[in-house]
Amino acid sequence: MKLDQATIAKLAAHLENCELEARDTTKITDDHPEMDWDDAYAIQDEIKRRKIARGCRIVGLKAGLTSHAKMKQMGVDTPVFGFLADYFSVPEGGEIKLSELIHPKVEPEIAFVTKAALKGPGCHIGAVLAATDFVMPAIEIIDSRYRDFKFDLKSVVADNCSSSRFVVGGRIRPVEDLDLRTLGVVIEKNGEVVALGAGAAVLGHPAAAIAMLANLLGERGEEIPAGTLILSGAITEAVMVKAGDNVTLRAQDLGSVSVRFA
Ligand code: OOG
Ligand code: MG
């Protein structure tokens with residue numbers, strides 16, 4: 001760790017206030033170039049602590065930057081993880097007010113729900129599939145607090161990996177009958193296809209993102225408990241939205257999920 005506790009608390013408050021007030025900021029590594037990975041996750045943990053202290057529930061985890069499309073779009077090269085708070089969850093077919101967000105983008109993802117704990121090191125796809133209760137399609141709405149989505153990995157980790165909102169729904173299915181590698185997804189904006197891909201875009205298999213997450217948490221002595229919702233990361237690049245947009249994710253074998261922006 002390179003930052004002291006007071007600086008971590010100050011940066012967490014700053015980033016969380018930007019989230020809650022829907023305003024952007026410059027990336028925090030501009031002022032703290034020395035900060036390391038532990039500092040970045042400590043700031044994210046402090047944001048989580050602030051939310052819990054205010055009465056929020058943590059309802060899940062997310063992996064991010066798990067596809068080449070995303071890494072290329074954002075100019076970074078390592079997957080990262082963050083948490084999902086209760087108020088991030090938007091009902092299927094629901095509406096998101098653009099005034100509450102800065103510059104949201106949508107991503108097609110596969111959501112996993114576990115039925116057994118997963119613990120690294122050494123967690124692999126087989127362990128993830130055995131521990132998966134079911135999967136469902138998800139639209140993640142990311143909203144980096146950094147101006148123009150310009151960030152480096154440590155800044156984005158501190159910012160809870162741009163987490164903002166998510167919508168899950170569609171068909172809920174056990175993984176046994178699915179091939180998540182070849183499962184196709186299409187994102188439509190106002191009826192027009194704007195991005196498409198297949199599950200293998202995420203680290204070769206979306207379950208590999210969950211294994212990676214269990215292994216990263218394992219380094220911290222933590223595990224993924226049974227009953228955890230986890231977003232496995234965007235299959236395609238993220239797509240910009242504006243007021244009035246209707247977004248639908250159509251996922252092969254998993255039905256569709258929609259959300260509107262007002
Ligand atoms: C970071 C979050 C990335 C994903 O699914 O890859 C993410 C960002 O691109 O702002 O959620
Ligand atoms: Mg995502």
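Select Ala 69 to begin: this residue is partly exposed, with a relative accessible area of 30%. Buried here means under 20% relative accessible area, exposed means over 50%, and partly exposed lies in between, with a 1.4 Å probe and protein chains only. Ala 69 belongs to helix H3, residues 68-74. Helices (H or I, at least four residues) and strands (E, at least two) are DSSP runs numbered from the N terminus. The model is a predicted one, in which local features need pLDDT of at least 70, side-chain atom pairs count only at pLDDT 80 or more, and totals for chains, interfaces and linings use all residues. Residues are numbered from 1 along each chain as its sequence is written, chains are lettered from A and ligands numbered from 1 in the order in which they are written, and side-chain values use heavy atoms, with hydrogens and water left out.

From Ala 69, draw a distance to Glu 219: the two C-alpha atoms are separated by 27 Å, and the residues are 150 apart along the chain.

**Ligand 1**

An oxygen atom of ligand 1 is 2.9 Å from an N or O atom in the side chain of Glu 107. The protein covers 100% of the 320 Å² of accessible area that ligand 1 has on its own; accessible areas come from the Shrake-Rupley method with a 1.4 Å probe, and for residues only the protein chains shown count as cover.

Now show the surroundings of ligand 1. Of the 17 residues around ligand 1, those that come nearest are Lys 62, Leu 65, Lys 70, Ser 162 and Ala 234; a residue is near a molecule or strand if one of its heavy atoms lies within 4 Å of it. At Leu 65, a polar backbone atom is 2.7 Å from an oxygen atom of ligand 1. At Ala 234, a polar backbone atom is 2.8 Å from an oxygen atom of ligand 1.

**Backbone geometry**

Most residues other than glycine have a negative phi, and most peptide bonds are trans. Ser 162 is in the loop between helix H5 (153-158) and strand E6 (163-168), and at 3% relative accessibility Ser 162 counts as buried.

Move to Leu 203, where phi is near 50°, again positive in a residue other than glycine. Leu 203 is in the loop between strand E8 (192-198) and helix H6 (206-219), and at 38% relative accessibility Leu 203 counts as partly exposed.

Then select Gly 120 and Pro 121, which are joined by a cis peptide bond with omega about 0°. Pro 121 is in the loop between E4 and helix H4 (125-130).

**Side-chain pairs**

Select Glu 16 in helix H1 (residues 5-21). What does the side chain of Glu 16 contact? The partner is the side chain of Arg 50, in a polar contact of 2.8 Å. A polar contact is a pair of N or O atoms within 3.5 Å; within protein, one must be able to donate a hydrogen and the other to accept it, and residues adjacent in sequence count only if both atoms are side-chain atoms. Glu 16 is buried, with a relative accessible area of 1%.

Lastly, select Lys 105 with Phe 149: the charged end of Lys 105 sits over the ring of Phe 149, 4.1 Å from its centre. A charge sits over a ring if NZ of Lys or CZ of Arg is within 6 Å of the ring centre and within 35 degrees of the ring normal.
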